[in-house]
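Dear colleague,

Please find below the structure I promised to hand over.

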Amino acid sequence: MTMTYESALNARVDQMVDSCTRCGKCVEVCPITDAAGVTASPQAVITGVLDIVRTGDGPEAARKWANSCVLSGECIKACDDDVNPRFLLAMARVALVRKSSEPPARRRRGVGDFRKLSQDVSVLSRMQLTSDMLERLGQPTDTSRRLGSTEGPEQPDFVFYTGCNVLKTPHIALLALDVMDALGVTYRVMGGPSHCCGVVQFRTGDLEVSGSLAENTLRKLASAKNGQVLSWCASCHVQFTEFTLPAHERTAGSRPFEMTPFMRFLRARLDELRPLLRHRVDLRVALHRHPGVAGVMEAAADVLAAVPGIELVDLHQPAVGLMSNALRALPEYKRQLQLAELEAARDAKIDALVAVYHPDHRELCAHERDFPFQIVNLLEIVGASMGLSQEDRFKRLKKLQDVELILSETRDLLHHHHVAEETARTSIQAMLEEQPLPLRGRNDSAAQRRDAATPING
């Protein structure tokens, strides 16, 4: 009998359940147990999680821990028994969803969530980008459909896998391509909803569709035959490296490629990058950190430190979660973390708070209105030192905080891309509602100090 995606995942679950010693170290190091109200002993909690993955049910503390996981990855580092507790927690959440809902309901929810994701990605990218820019990011337009694929060479040095949601803040992905061009690296761009990692359906418990989407994307990523894929999105990276690629290896006997986070790729090329960092960027900056993918934040700090003129300030704030949106299960805790960091950045008198990932930028950037520092992506600083720039249209639009005003600002592009205004309104409203920590009233003195600060590309 041929092993399916789901049976391959279950085989890994069985192996880890057998290997787990129930020592509880993974629970002890978890940064969110207090915020999630997990009060049982670590040994009882992990034992309960193993009950859930086997039966779909378990004690309250184990359910709380599974449902509150923010994918920080500290549990992986703590385990001595060749177990990935983060993987087990994800499978526990799947088991809980499947216990509480029937397959048709799970399928409908997955389809609905994916359609919303696809619409928002499509609308928000098209209200910022011309057709040429969209095609550069591997996205189909009327022109590319007539002329054929524009994704790049068949055998490049790397495939650059954007994932879906970075297309909402496309200046980040465009800067990544600019940097690779400057390094002389050849690449093929893949991403967007047509190259889904399957995480949306996975979260609804629809493993059949999740596996189908993931395997389809895996085949596309492997088609370049270079064996190396650069990932941007942390959730896509985890979905592929901890679920899809191991499952494929069980079913096919090998992995078609390895996946490397873009920041780790950039750090590995730092000797080649340094000579291109020709311009000073005289800024005191702090790094907004999320530790969920090993080595990424360390690589980001090294890259920032290589930029002439940059002074990297430690705000001494906790680094929690895979990305900002991974803390969705603990909204009050996330608001506390974000407020504490913004206030610490203000008190440290930094010039810029620097994020790596796109969800962090979406959630934080509008706070630039209210605090005396810029909020930027790390690649904006690297780009400024290299003489490269891409306009952050997303931040400019989000700071407007008005659906109709944003629609007015983007109407020409939306019309060019044949996006209906009512569809655009829905996605713009979703963009504005993605604001976990509410904005304050306009702080004129803070705005004046920020506007007088040295611009990133100044």
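A residue is called partly exposed when its relative accessible area lies between the buried class, under 20%, and the exposed class, over 50%. Arg269 has a relative accessibility of 22% and therefore counts as partly exposed. Its salt-bridge partner is Glu272, with 3.5 Å between the closest N and O atoms. Glu272 is likewise partly exposed, at 39%.

Please note that the model is predicted. It holds 33 salt bridges, and a few of them are described here.

The side chains of Glu363 and Lys334 form a salt bridge with an N to O distance of 3.1 Å. This pair joins distant parts of the chain, since Glu363 lies in helix H19 (residues 358-364) and Lys334 in helix H18 (residues 331-347), 29 residues apart. Are these two residues buried or exposed? Glu363 is buried, at a relative accessible area of 2%, and Lys334 is buried as well, at 7%.

A further salt bridge connects the side chains of Glu6 and Arg98, at 2.6 Å from N to O. Here, too, distant parts of the chain are linked: Glu6 belongs to helix H1 (residues 5-19) and Arg98 to helix H7 (residues 85-100), with 92 residues separating them. Glu6 is partly exposed at 27% relative accessibility, and Arg98 is partly exposed at 29%.

Finally, a network of salt bridges links Glu404, Arg411, Glu421, Glu422 and Arg425.

With kind regards

Definitions and conventions: Residues numbered from 1 in each chain as written. Predicted model: local features only at pLDDT ≥ 70, side-chain atom pairs only at ≥ 80, totals over all residues. Heavy atoms only, no water. Salt bridge = Lys/Arg side-chain N within 4 Å of Asp/Glu carboxyl O. Helix = DSSP H or I, 4+ residues; strand = E, 2+ residues; numbered from the N terminus. Buried < 20%, exposed > 50% of the residue type's maximum accessible area, 1.4 Å probe, protein only.
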